[in-house]
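Reader: I have a new structure to read. Can you take me through it step by step?

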Amino acid sequence: MKAVVVDLGLGNPGSVLQALARAGGDAVLSGDPAAVARAPRVVLPGVGAFGLGIHRAMNFKPALQQALARGAPVLGICLGMQLLFEEGEEDGVRAGLGLLPGRVTRLPAGVQVPHIGWQKLQAVAPSPLQPEGSAYFAHSYHCRAPAEVTQAVAEHGLVKIAAVVGRGTLFGVQYHPEKSAHDGEQLLRRFLALPEGAA
């Protein structure tokens, strides 16, 4: 169950690598777009602001498109999920990778910002990742994703957060599965068990 973790130079990708290893994966960190393009599975992690994240992630857009065209499973985590969308408003309005429809906006007034802590996941559509249980969130912006790509939500005050999104072999989780104990590990196991993309 091999995977390549994209090195954006943000956050702590080491914790994602360790979580993938605990889930039975054989993962390596790479900043080489060619390695991402041919990877059997790809994880796009990220901790930080959308502006810097998309500046670095754009270097990998063609590689991610090639991986998806081969049918390789791709998983964006937290900021990595947000970067998959068409547009984000953090650090000014900027174009995202455009791999999923929707916009990343700041959590609205009236709810705790940042949103930090555990929330129960609520499945709203079938997903091969089978998100369930509770997950650990840490974010100030969220993805306004259309229903057709939303697979699970979490309630934060009066706001329903798109917690798991997906289309085809492309997935994103707003929370941190690497920090979400047993339920997070099980999601990573299911991701790693998805069929590899063709070489």
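Author: Start with β1 and β2, which run parallel and are joined by five bridges. Strands (E, at least two residues) and helices (H or I, at least four) are DSSP runs, numbered from the N terminus. Two strands pair if DSSP finds at least two bridges between them. This is a predicted model: local features need pLDDT of at least 70, side-chain atom pairs count only at pLDDT 80 or more, and totals for chains, interfaces and linings use all residues. Residues are numbered from 1 along each chain as its sequence is written, and side-chain values use heavy atoms, with hydrogens and water left out.

Reader: Which residue in β2 is the bridge partner of Val6?

Author: Look across from β1 to β2, its parallel neighbour. The bridge partner of Val6 there is Ser30.

Reader: Which strands stand at the edges of the sheet?

Author: The sheet is open and has eight strands with mixed pairing. Its order is β2-β1-β3-β4-β14-β13-β12-β9. An edge strand has a single partner, so one side of it is left without a neighbour in the sheet. The edges are β2 and β9 (122-123).

Reader: Why can residues a few places apart point the same way in an α-helix?

Author: Count the residues in a turn. Residues three or four places apart point the same way because an α-helix has a turn of 3.6 residues.

Reader: What arc holds the buried residues of α4?

Author: In helix α4 (residues 61-69), the buried residues are Ala63, Leu64 and Ala67. Contact means heavy atoms within 4.5 Å, and what covers these residues includes α2 (33-37), β3 and β4. Seen down the axis, the buried residues line one face of the helix, because they fall within an arc of 100 degrees.

Reader: Which backbone oxygens does the side chain of Arg41 reach at 2.9 Å?

Author: A polar contact is a pair of N or O atoms within 3.5 Å; within protein, one must be able to donate a hydrogen and the other to accept it, and residues adjacent in sequence count only if both atoms are side-chain atoms. At 2.9 Å, the Arg41 side chain reaches the backbone oxygen of Leu192. At 2.9 Å, it also reaches that of Leu194.

Reader: How many residues apart in sequence are the parts tied together by Trp118 and Tyr136?

Author: Rings of Phe, Tyr and Trp (its six-membered ring) pair if their centres lie within 6.5 Å; planes under 30 degrees apart count as stacked, over 60 as edge-to-face and the rest as tilted. Trp118 and Tyr136 are edge-to-face, with 5.8 Å between centres and 65 degrees between planes. Trp118 lies in strand β8 (residues 115-120) and Tyr136 in strand β10 (residues 134-139), so the pair ties together parts that are 18 residues apart.

Methods
Buried means under 20% relative accessible area, exposed over 50%, partly exposed in between (1.4 Å probe, protein chains only). The arc is that of the directions from the helix axis to the C-beta atoms.
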